[in-house]
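Please look through the sequence and the 3D structure shown here before reading on. The briefing is meant to be read with both in view.

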Amino acid sequence: MRYGYFNDEHREYRITTPFTPIKWCNYVGTLAFGGIVDQTGGALICKGDPALNRISKYISQMPASDFKGTTLYIRWQKPDGTYEIYSPFFTPTLKDLDRYECQVGLSYSRFVSEYQGIRTEITVFVPRDGEVFLQDIVVENLGAARSIDVIPVVEFTHFDALKQLTNADWVPQTMTLKAHRQGDLCVLEQYAFMKRDTAVNYFTANRPVTSFDGDRKAFLGRHEYGSWQKPLSLEAPELNNSEPLRGDNIGALMLHLGELKTGDRQRVIVQLGQAASLNEAAPSIEKYRDEAAVDRAFAELGEFWQSYLSLLQVATPSDSFNTMVNIHNPRQCHTTKNWSRYLSLYQLGYGARGIGFRDSSQDLLGVMSHMPEEALELALKLLSMQKRNGSAMHQFNPLTMEGSQGDSLEEPDRPKYYGDDHLWIVYTMAAYIKETGDLSVLDRKVPFYDKDPQGRPLEEGSVWEHLVRAIEFTWSDRGRHGLPLLGFADWNDTVNLPKGAESLMVANQFGKAILELIPICDAYDKADFKAKIMGYYESMRSIVNDTAWDGAWYVRWFDHEGRKIGTAANQAGKIWVNGQSWPVISGFASEEKRDTALDSVYSLLNTKYGIKLSAPGYNGFDPVIGGVTTYPPGAKENGGIFLHANPWMMIAETMRGNGDRAFEYYNQINPAQKNDILDIFESEPYCYPQNILGNEHPQFGMGRNAWLSGTASWTYIAATQHILGIRPELDGLTIDPCLPKAWDRVTVERRFRGSVFSITILNPDQKMKGVTSLLVDGKKIEGNRIPLLPAGHYRVEAYIGR
Ligand code: NOJ
């Protein structure tokens with residue numbers, strides 16, 4: 001069944017029924033202020049920290065019918081004196097709407113509903129420069145005249161989201177809500193007692209408020225045997241004006257719009273915000289009471305996205321490729337950059353995850369071309385999480401900049417670092433330099449993470465020094481075969497072997513990091529270091545090929561006793577996809593091994609819904625191997641389709657020139673392609689989930705953990721830099737497409753270093769790769785790289801074949 005459709009003109013996905021297989025969400029605002037909004041109007045809003053400064057109470061584990069965070073009731077009096085009450089979001093009244101559409105836009109959601117002749121259009125968003133969640137509500141009467149009441153509601157949470165769940169006495173004893181009135185203005189002020197002088201939440205509307213409630217018990221009525229579906233207080237003309245000094249805090253505002261005749265429309269703006277005090281919030285509250293200011297803020301949001309997405313726009317013969325590459329994929333990259341793994345329907349925040357070193361380093365690849373300066377800011381923060389020995393803290397809280405080693409601390413006898421974290425940032429910094437040409441960044445000083453007892457950094461070093469130490473750490477931290485030690489885990493968090501295990505993936509990552517640094521060494525005048533790392537590269541290449549070739553693929557790890565994991569002789573986990581894609585990406589695999597390994601993936605790991613991470617799955621918990629064995633076969637890292645690993649296969653296939661296969665892999669996981677099989681896929685069709693259940697699992701094809709996944713950035717890189725082949729380099733823009741044979745013509749508009757390139761790729765002979773002629777403004781260029789040119793608009797033609 002279909003649950004909606006793409007509207008590319010408005011850059012939206014439009015959900016046409018509230019009965020999506022699971023909650024689908026959208027993001028509004030940023031980590032500074034914002035959160036997620038689901039397709040039935042529920043909103044999880046926080047400021048700066050989703051775990052420790054949460055504003056609305058959203059418990060995603062509760063059933064879909066449950067109230068979550070925010071909603072809106074609408075009512076009118078019937079001839080018998082009782083009220084007809086419904087929610088235009090469907091939840092929580094669950095009354096069938098005559099029309100429902102949730103337009104999932106770029107940082108806004110718009111809900112268009114109709115119920116018994118009342119039409120509403122509710123747009124929710126956070127202004128670009130504001131710290132307030134706005135609900136812009138338009139109510140129109142299409143039916144007989146009636147007096148309409150609008151009752152927006154928020155349920156507040158304790159700022160510490162975990163405490164809210166774990167302490168049912170302390171939490172309500174510490175939370176309070178007061179109403180402030182001044183003329184027409186009524187602001188509900190909510191705070192936790194201990195935060196009263198530093199942070200208050202507020203809830204208000206640009207309409208006179210005749211009554212309100214701050215206490216959930218009062219609002220729901222009859223000791224909470226009234227429910228969110230049927231709040232008893234809405235059956236009376238006015239609310240209770242409850243101002244709890246103790247209790248479960250909500251905000252509910254009674255807004256009488258008065259009589260709406262047929263065709264009448266009225267507009268209401270509701271604000272949910274947080275500030276140091278109500279005084280501090282006053283200018284913002286005043287500003288957004290004005291509809292024109294709300295219109296301006298919404299227009300600014302649109303302008304931002306217009307400019308952001310104009311970095312690269314493409315027209316290929318595949319509509320779903322175009323939709324993703326032009327709109328939803330870069331948008332998801334922007335979201336992952338912003339939220340790392342901090343907040344989604346699936347994750348709570350710091351302690352649970354926070355900003356991940358590995359994750360954010362990769363997320364930055366997906367936004368580097370669009371916003372290199374902002375990306376650099378986060379990259380420098382990540383570098384400050386790197387230790388003097390070159391390894392890195394696994395995650396950190398961006399407010400305190402306190403790092404942690406994540407799960408590894410729970411396992412006292414396991415290594416306390418990850419084998420891979422520090423290498424990802426090398427790609428990030430290389431991407432920044434290639435996009436901007438700014439080598440001076442390498443001179444910037446950044447402290448290392450290690451601190452003295454007073455909390456002062458023990459040492460700082462240039463960015464270059466940080467990158468050097470990342471390489472040197474891996475080179476010095478090797479095991480019995482000369483391969484890099486695994487640490488607690490590598491990219492695959494869930495294979496946690498005892499001390500002494502070695503990782504083939506880290507070995508290949510090391511190779512790729514060296515490849516990235518070589519042109520930088522040339523430009524930055526580091527001949528000695530270049531010679532040294534070229535030596536490392538050759539040695540590591542030999543070690544990988546001498547120790548890890550298994551006959552038809554590469555093994556993935558050596559355990560602490562030197563046994564192979566990912567060999568034909570294993571019962572489970574015989575072959576792992578990253579073990580095959582990465583030796584190609586690193587350039588370590590010979591052509592012959594490359595082709596054999598990639599074909600093994602195709603025959604042993606590929607499915608119609610994506611490439612599995614490994615096969616077969618482990619069937620039973622094995623504490624030595626670790627987390628991967630906590631899932632049944634086919635789930636997550638245990639033989640599931642772990643999407644993040646799929647684009648690496650796309651890249652590897654383009655490196656060997658197989659555009660058909662790369663595009664097949666692209667299509668298999670493209671969520672836009674799943675719009676017709678959503679009863680199987682279940683996840684949002686407009687963003688990549690983290691995982692899809694594999695074919696060993698009875699729910700094969702089902703996606704989960706949408707939005708915050710490295711799949712976003714790497715698929716964007718695979719699509720734009722490898723399938724389309726438009727790659728920024730230090731000294732120009734490479735045009736190196738690897739297309740499916742059937743694509744005879746592709747156009748790409750790309751901004752790069754102050755110029756705009758309108759590129760046409762022509763493929764008259766139905767080849768897949770190999771630019772034979774490149775013309776810039778009609779003039780032929782040698783090779784396939786457009787050199788650096790004065791700022792301007794250039795017309796580029798690239799021919800594959802003839
Ligand atoms: C999700 C984590 O966020 C990511 O860092 C990791 O690489 C994958 N899981 C694979 O285990």
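What follows is a set of notes on selected helices, pairs of helices, single residues and backbone features.

This is a predicted model, in which local features need pLDDT of at least 70 and side-chain atom pairs count only at pLDDT 80 or more, while totals for chains, interfaces and linings use all residues. Residues are numbered from 1 along each chain as its sequence is written, and side-chain values use heavy atoms, with hydrogens and water left out. Helices (H or I, at least four residues) and strands (E, at least two) are DSSP runs, numbered from the N terminus.

**Helix α6**

- Helix α6 covers residues 319-339, and its 21 residues reach 29 Å from the first C-alpha to the last, close to the 30 Å expected at 1.5 Å a residue; the expected span of a helix is 1.5 Å times one less than its number of residues.
- A kink of about 45 degrees is centred on Val325 in α6, where the bend at a residue is the angle between axes fitted to the seven residues ending there and the seven starting there.
- Because 20 of the 21 residues of α6 are buried, this helix is largely enclosed by the rest of the structure; buried means under 20% relative accessible area, exposed over 50%, and partly exposed in between, with a 1.4 Å probe and protein chains only.
- Just after α6 comes Ser340, which takes a positive phi of about 45 degrees.

- Helix α8 (residues 372-383) has 12 residues, which should span 16 Å at 1.5 Å a residue, and its end C-alpha atoms are 16 Å apart, which agrees.
- The buried residues in α8 include Pro372, Ala375, Leu376 and Leu378, and also Ala379, Leu380, Leu382 and Leu383.
- With their axes 11 Å apart, α8 and helix α9 (residues 421-436) pack at an angle of about 150 degrees, which makes α8 roughly antiparallel to α9.
- Axes here are lines fitted to C-alpha atoms, for helices over the stretch in contact, and angles run from 0 to 180 degrees between N-to-C directions; angles under 35 degrees count as roughly parallel, over 145 as roughly antiparallel, 65 to 115 as roughly perpendicular and the rest as oblique.
- The crossing of α8 and α9 is left-handed, a word used if the near helix is turned anticlockwise from the far one by less than a right angle, whereas a crossing is right-handed if the turn is clockwise.
- Where the two helices meet, Pro372, Glu373, Leu376, Ala379, Leu382 and Leu383 in α8 face Ile425, Thr428, Met429, Tyr432 and Thr436 in α9, and contact means heavy atoms within 4.5 Å.

**Helices α15 and α16**

- The axes of helix α15 (residues 646-655) and helix α16 (residues 659-669) come within 8 Å and cross at roughly 165 degrees, which makes α15 roughly antiparallel to α16.
- This crossing of α15 and α16 is left-handed, and the residues that meet include Asn646, Met649 and Glu653 in α15 with Arg661, Tyr665 and Ile669 in α16.

**Single residues in strands and a helix**

- Glu140 lies in strand β11 (residues 132-141) and is buried, with a relative accessible area of 15%.
- Leaving aside neighbours within four places in sequence, Glu140 is in contact with Gly117, Ile118, Arg119, Gly263, Asp264 and Arg265.
- Tyr202, in strand β15 (residues 200-205), counts as buried at 1% relative accessibility.
- Gln306, in helix α5 (residues 291-309), is partly exposed, with a relative accessible area of 42%, and its C-alpha atom is separated by 9.9 Å from that of Ile327, 21 residues apart along the chain.

**Backbone features to check**

- Most residues other than glycine have a negative phi, and most peptide bonds are trans.
- Thr91 and Pro92 are joined by a cis peptide bond with omega about 5 degrees, and Pro92 lies in the loop between β7 (83-86) and β8 (99-104).
- Phe90, placed in the loop between β7 and β8, has a positive phi of about 80 degrees although it is not a glycine, and at 8% relative accessibility Phe90 counts as buried.
- A cis peptide bond also joins Ala615 and Pro616, with omega about -20 degrees.
- Asn705, in strand β34 (residues 703-706), has a positive phi near 65 degrees and is buried, with a relative accessible area of 10%.
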